[in-house]
2 protein chains.
Amino acid sequence: MKKTLIVGTVAYDEIETVKGNSGKVLGGAGTYIALSCSHFKSNASIISVVGGDFEKKYLALLESKGVDVSAIDIIKNGKTFYWKGKYHKDWNKRDTLATELNVLADFNPKVPEEFKFPDVLILGNLHPIVQGAVLNQLSKKPTTIILDTMNFWMDTALEDLTKIIKRVNVIVINDEEAMQLSGKETLFSAAEEILKLGPKYVVIKKGEHGAMLFGEDQFFVSPAYPVNNVVDPTGAGDSFAGGLGGYLSEKSELSFENLKNGIVYGTIMASFCVESFGTLSMETVKKEQIVSRLKKFKSFTNYNA
Amino acid sequence: MKKTLIVGTVAYDEIETVKGNSGKVLGGAGTYIALSCSHFKSNASIISVVGGDFEKKYLALLESKGVDVSAIDIIKNGKTFYWKGKYHKDWNKRDTLATELNVLADFNPKVPEEFKFPDVLILGNLHPIVQGAVLNQLSKKPTTIILDTMNFWMDTALEDLTKIIKRVNVIVINDEEAMQLSGKETLFSAAEEILKLGPKYVVIKKGEHGAMLFGEDQFFVSPAYPVNNVVDPTGAGDSFAGGLGGYLSEKSELSFENLKNGIVYGTIMASFCVESFGTLSMETVKKEQIVSRLKKFKSFTNYNA
C-alpha cells in the first residue's frame, strides 16, 4: 500500500466570519491536509509539533481517520501554534488578529525511520527550510512531491523557497502568489516562469474561480464547485492540496491525466471545507457525499459542443 | 433558413489600453454582436442608427460578412455614437473619457416587414424601452430572445428594464450586475432571483473567470478560454452574446444543452475578440480557427475523474 507523508502545522484557530465565530477550534494546514487526504486510500502520516495544551481528542480524531499521528511532536512545556483571523464580507479579504507561533518557532522536524519511504510527500505551508529538512531526511525520493507555500515566504525567505521549489515536482500556489513569485502579470507567463524553477507541474488556485494546471505544453482549467453557503474559507487551499495528494496516492504515476483528476477531487474537497467552520466538514464528510458531488460537478461542467 | 435579428449600437470607439491606442475605430455592441454572429449560419440582420459621418466601408464590411445592414438608419445630419475609454493595467477597470450619444439619443427603431419573423432575437445593450420597441414590432415571438443589459439601466431605468426582462427567455449579465439587479450576494441566489423575473435562463458572465448558466434546477459553469495576450477587452461581452446567439440560430430549439454549447462558442468568440483592438478579430477570424480553438478548449477542460 502506498504511503503518504504530510508535514504541516497542527494548530488552534479562532475564526470570525459574517456567519459567526468559531471559538477556539482545531486548525493548521497539516490538519486540513491530513483530514482531506484521509478520505482517499492514502495511508497517511503527519509530521508536526504541538504544545502540552493540545487536546488528546484531536490526536484521537486524526487517528480515527487513519492518519498516523506518532510523528507529531508534543512539547509538554510549550503552547500550540495559535492563529486568530477575521474574514470580511468579501471572502477574499481577511485580517489576521493574532499569530502566536509558540512551539512552531523551534520546529525541527524529525522523520521516523518508518516514514522515510513515502510515495507521496505533501509539504504544507511552512518555512521552506523546514520543508527542506523533511525532504532531506527521506531515504527514497517520493514519486510525487507537492509543495504548498505562500507570499509570506516570498517576502521573507525567497532564496530558501527557491531551493525547495527546485526539488519538488508539483507546486500549488494561488494566483496572486504566482504573479509575485514570477514577477509576471498573467497566469500563463507566471506558470511558465515557475516551471523554469524546477517543478514539472504548477497548480494555480483561484479560489471561487477554480484552478489551473500547467505542465510543459500542457494545460487544464477547472471551475470551482459552486458553494451557495460559504461559512468559513479557512483551510480550503489545504483541503484542496490534501484531496489532490490523496487522489494521487491512489495512482501509480504522476501523470498529467492523474493530476487533472486530482485537481477535480481537490476542488470537491475544498467545496466541502468552506461549508462549515474549521475542520468540521473535513472530519464528517462521507465517501458517498464526495462521489455524489463529483457526479454533480461532472454534470455542471460537461458539454458536447 | 433561420433568421437572426440584432438590435444594438453601431458606433465609433477610441480605446486606450496598456497595449496602445486604437485611434478612432468601428465599435458598438450591435457591431460586435453581428460580426461574432456572422461566423455562424445566422442569416443575421441588424437594426441600428448611425450619422452621416459613418463610413460606408464599415457598412460594406458588415455586408461582406453576410449581415443585412438595410435596417441601419443613416441620419445624414447627425453624428454617429462615439465612446472613448481607457483601460487600466487591471483589465477589469476602465474609465470612460467621453460618451457622445449623438444620433443614438433619438433612436426609435423601425423593424422592416421582412425582419419581423426572426427565430433568434438579440437585444444588445441599449435603453430597455428601445429594446422593448423592437420586440413590440415583431409579428411572431422568436424561439430565442437574448437580452444583454448593464448596470447603467438598473440605475436609471429599472422599471423599464424589469418589463423587458420579463419578456425574454435568456438574459446575459455580468456578475456584479447580477448581484445589483437581484440585491443578492451570491451568484446562485442572484440567478434564482433573476429567474423569478421571467427569463427561463440566466447567463452570468465572469470575464476572465468564465461564465455560468442557470435554468430551473439546472446549472452549467465554464471557465474562460485562456488568453495570454489581452490587447483590448472592448466588445468581449458582445462577442460572447453574438457567438451564443449565432450558435443557437443553428439549432431548432432553445434547450439547456444547446445553451451550454452556445456558451462555449461565446467563450471562444470572446477570447478572439480581446486579442486585437476593436472589432479586428471579429472581422478576420476564420472558421478553422474557431474550430481549432474549440478543440483546444475541450482538451483544456476535459477530465475523466
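I began with chain B and found an open sheet of four strands with mixed pairing, in the order β3-β2-β6-β7. Strands here are DSSP runs of E of at least two residues, helices are runs of H or I of at least four, and both are numbered from the N terminus. I took two strands as paired if DSSP finds at least two bridges between them. At the edges of this sheet I noted β3 (20-27) and β7 (94-100) of chain B, each with a single partner strand, so one side of each has no neighbour in the sheet. From one strand to the next, the twist averages 15 degrees. For such angles, axes are lines fitted to C-alpha atoms, for helices over the stretch in contact, and the angle between N-to-C directions runs from 0 to 180 degrees.

Before going on, I wrote down the ground rules. The model is predicted, so I kept in mind that local features need pLDDT of at least 70 and side-chain atom pairs count only at pLDDT 80 or more, while totals for chains, interfaces and linings use all residues. Residues are numbered from 1 along each chain as its sequence is written, and chains are lettered from A and ligands numbered from 1 in the order in which they are written.

**Strand pairs**

Strand β6 (residues 82-87) of chain B pairs with β7(B) in the antiparallel sense, over six bridges. Which residue of β7(B) is the bridge partner of B:G85? I found B:T96 there.

In chain A I looked up an open sheet of nine strands, again with mixed pairing. I noted its order as β5-β4-β1-β8-β9-β10-β11-β12-β13. Its edge strands are β5 (72-75) and β13 (218-222) of chain A, and each pairs on one side only. Neighbouring strands in it are turned by 15 degrees against each other on average, direction ignored. Inside this sheet I followed strand β11 (residues 201-205) of chain A, which runs antiparallel to strand β12 (residues 211-215) of chain A and is joined to it by four bridges. A:I204 has A:M212 as its bridge partner in β12(A).

**Helix pairs in chain A**

Next I turned to helix α6 (residues 175-182) and helix α7 (residues 187-196) of chain A, whose axes come within 9 Å and cross at roughly 60 degrees. These two are therefore oblique to each other; angles under 35 degrees count as roughly parallel, over 145 as roughly antiparallel, 65 to 115 as roughly perpendicular, and the rest as oblique. Their crossing is left-handed, which is the label when the near helix is turned anticlockwise from the far one by less than a right angle, with clockwise giving right-handed. On the α6(A) side I listed A:D175, A:A178, A:M179, A:L181 and A:S182, and on the α7(A) side A:L187, A:S189, A:A190, A:A191, A:E193 and A:I194. Contact here needs C-beta atoms, placed from the backbone, within 7 Å. I sorted the residues of this contact into seven nonpolar, two polar and two charged. In that sorting Ala, Val, Leu, Ile, Met, Phe, Trp, Tyr, Cys and Pro are nonpolar, Asp, Glu, Lys and Arg are charged, and the others, Gly among them, are polar.

Helix α3 (residues 128-137) and helix α5 (residues 158-167) of chain A pack at about 35 degrees, with axes 8 Å apart. This crossing is left-handed too. From α3(A) I noted A:P128, A:I129, A:Q131, A:G132 and A:L135, against A:D160, A:L161, A:K163, A:I164 and A:R167 from α5(A). The contact of α3(A) with α5(A) has five nonpolar, two polar and three charged residues.

**Where chain B meets chain A**

I counted 20 residues of chain B in contact with 20 residues of chain A. On the chain B side, the elements giving two or more residues are β13 (218-222), α9 (256-273) and α11 (287-301). The largest share, four residues, comes from α9(B). This side divides into twelve nonpolar, seven polar and one charged.

I also checked how α9(B) and α11(B) sit together. Their axes are 10 Å apart, at an angle of about 115 degrees, and the two are therefore roughly perpendicular. Their crossing is right-handed. B:V264, B:I268 and B:S271 of α9(B) meet B:I290, B:R293, B:L294 and B:F297 of α11(B).

Last, I looked up how the copies relate. The same surface serves both copies, as 100% of the contact residues of chain B recur in chain A.

Definitions and conventions:
Contact = placed C-beta atoms within 7 Å.
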